[in-house]
Amino acid sequence: MPAGAASPPVGSAPRRRLPLLLAAVLVLVLVVAGLVAVRPGPVGRWLGDEPVTPAASGTVESVPLPVLAAVDVAASAPGTDGLRSVLEPLVDDTTLGGRVNVAVADALTGELLFERGGGELTVPASVTKLVTAVTVLTARSPGHRIPTRAVSGAQPGEVVLVGGGDPTLAAEAKGFYSGAASLADLAEQVRSALGGVAPTEVVVDSSSYSGPVYEPGWDDDIPSGGYGGAITALMLDGARKSPKAGQGWAERVTEPDLVAGRAFAKLLGVPVGAVRKGTAPPASTAATAATATVSGDRPGTELGIVYSPPLIRLVDIMISESDNIVAEALARQVALARDRPASFTGAAAAMAEVVSELGLPEAGLDLADGSGLSRSNLISPILLTELLVLAASPNRPELGGIFGGLPVAGWSGTLRDRYGATPGTAAGAGVVRAKTGTLTRVHAIAGVVTTAEGRLLTFAVLTDDVPPDGMEPARAALDRIATALAGCGCR
């Protein structure tokens with residue numbers, strides 16, 4: 001396994017930034033209706049949040065309870081010797097296998113407090129999504145929405161459905177993803193633009209993506225195993241066969257773009273047999289939707305357009321539920337923003353370029369995809385901790401959006417069923433907030449944790465040599481490491 005750059009000495013402080021934005025974002029409350037995330041300042045504006053006035057009720061609600069411990073910027077940081085004495089026995093747990101690489105940093109100063117193999121490149125699994133989140137929020141604005149368009153075709157009777165890479169698009173008003181754009185809305189716009197002239201053919205244009213639809217480093221069972229799928233620029237409900245499928249595992253279609261095209265044809269009254277793949281003609285500068293005709297007089301005229309939810313919401317979905325299809329779509333948005341091919345290789349190159357622009361250690365990164373499904377991905381723990389420190393900085397407020405989707409230990413996302421029941425993990429519940437990663441033999445966790453004294457730390461623990469049947473013991477060992485950080489002290 002290739003190795004990264006030599007680990008910087010413990011105690012180095014490449015960045016000194018106050019994580020004030022993160023301190024605000026990490027405010028969650030338990031209310032009668034469920035979990036409410038408070039997103040102040042620019043995050044709320046990107047999401048289009050509006051103040052909500054509770055309806056009058058005769059029932060008096062209880063005072064909300066804190067889910068995450070408050071951050072105290074005046075609290076003392078753990079000492080390096082204290083951390084070493086607490087963490088080393090946990091890192092040596094044999095259930096973590098023969099290769100465990102760890103880094104812990106102070107979110108306030110960026111100081112590296114503990115590392116063992118922190119600069120070593122390690123298979124990260126879904127922890128890769130943290131890199132995808134930071135790079136897409138840098139390359140695109142958090143409020144950017146991905147378009148899906150319909151244009152007039154080159155031949156009379158053609159309507160071209162042009163995919164822009166929105167993985168959440170739905171056929172009807174309600175699909176798998178809340179707030180998604182719908183083909184029903186787009187079809188209504190097309191009918192209005194055509195003035196009652198019926199189309200006779202639907203052309204599916206998913207040419208904004210290139211290259212293979214499956215990454216060569218994916219395990220053989222991923223395309224059919226329900227956690228991955230064919231990555232095309234046009235799809236419905238994350239390529240699920242049914243929008244009623246649950247989170248996580250779901251059966252996927254093999255040609256998502258054609259499935260979307262057929263659904264669109266049905267909405268337009270076009271026979272399913274009259275759907276084919278192709279490309280949209282160049283747009284006519286003189287044409288407008290108001291004057292377009294299906295006769296093909298003005299090929300390329302826009303007949304309608306719908307937009308995805310803002311990227312900040314897609315990042316939330318990707319991180320909280322570890323959605324691999326959304327992750328690959330967001331990675332391609334980085335490629336498109338950097339004028340690279342929207343392919344696995346183009347996206348990986350674009351993401352590495354953005355990482356370099358952000359001043360993060362390039363030697364700690366070797367990517368093949370944006371989801372972490374590929375075993376060809378390699379990331380160092382130090383890169384992850386520095387990335388989280390940067391995202392917590394008020395100098396980059398757009399990056400603070402990654403924390404809104406981070407699962408909370410024992411509470412939400414991929415950590416909802418972890419912490420508490422396993423010995424040595426109860427103190428981490430509601431205090432650890434992190435992205436997890438799992439492949440056979442690979443187990444990882446990276447995120448933030450508030451110490452007992454209120455100091456905010458970033459951490460990453462990656463292991464890629466766990467016995468194939470050792471998933472549960474390895475997860476428990478990772479959770480004990482994060483819980484130990486929550487209990488510091490450590491001086």
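**A close look**

Modeller: The structure holds 1 disulfide (a pair of cysteine sulfur atoms within 2.5 Å). This is a predicted model: local features need pLDDT of at least 70, side-chain atom pairs count only at pLDDT 80 or more, and totals for chains, interfaces and linings use all residues. Residues are numbered from 1 along each chain as its sequence is written, and side-chain values use heavy atoms, with hydrogens and water left out.

Cys488 and Cys490 form the disulfide. Their sulfur atoms are 1.6 Å apart. The torsion about their S-S bond is about -65°, so the disulfide is left-handed. Cys488 is buried, at 1% relative accessible area. Cys490 is buried too, at 13%. Buried means under 20% relative accessible area, exposed over 50%, partly exposed in between (1.4 Å probe, protein chains only).

Now the sheet. Five strands form an open sheet in the order S5-S4-S15-S14-S13, with antiparallel pairing. Its edge strands are S5 (112–116) and S13 (432–439), each pairing on one side only. Strands are DSSP runs of E, at least two residues; helices are runs of H or I, at least four; both are numbered from the N terminus. Two strands pair if DSSP finds at least two bridges between them. S14 (residues 442–450) and S15 (residues 456–463) run antiparallel, joined by 8 bridges. Ile445 stands opposite Val461 in S15.

Helix H3 (residues 80–91) lies across S4 (100–106) and S5, at about 30° to S5. Helix H11 (residues 381–391) lies across S4, S5, S14 and S15, at about 150° to S15. Axes are lines fitted to C-alpha atoms, for helices over the stretch in contact (heavy atoms within 4.5 Å), and angles run from 0 to 180 degrees between N-to-C directions.
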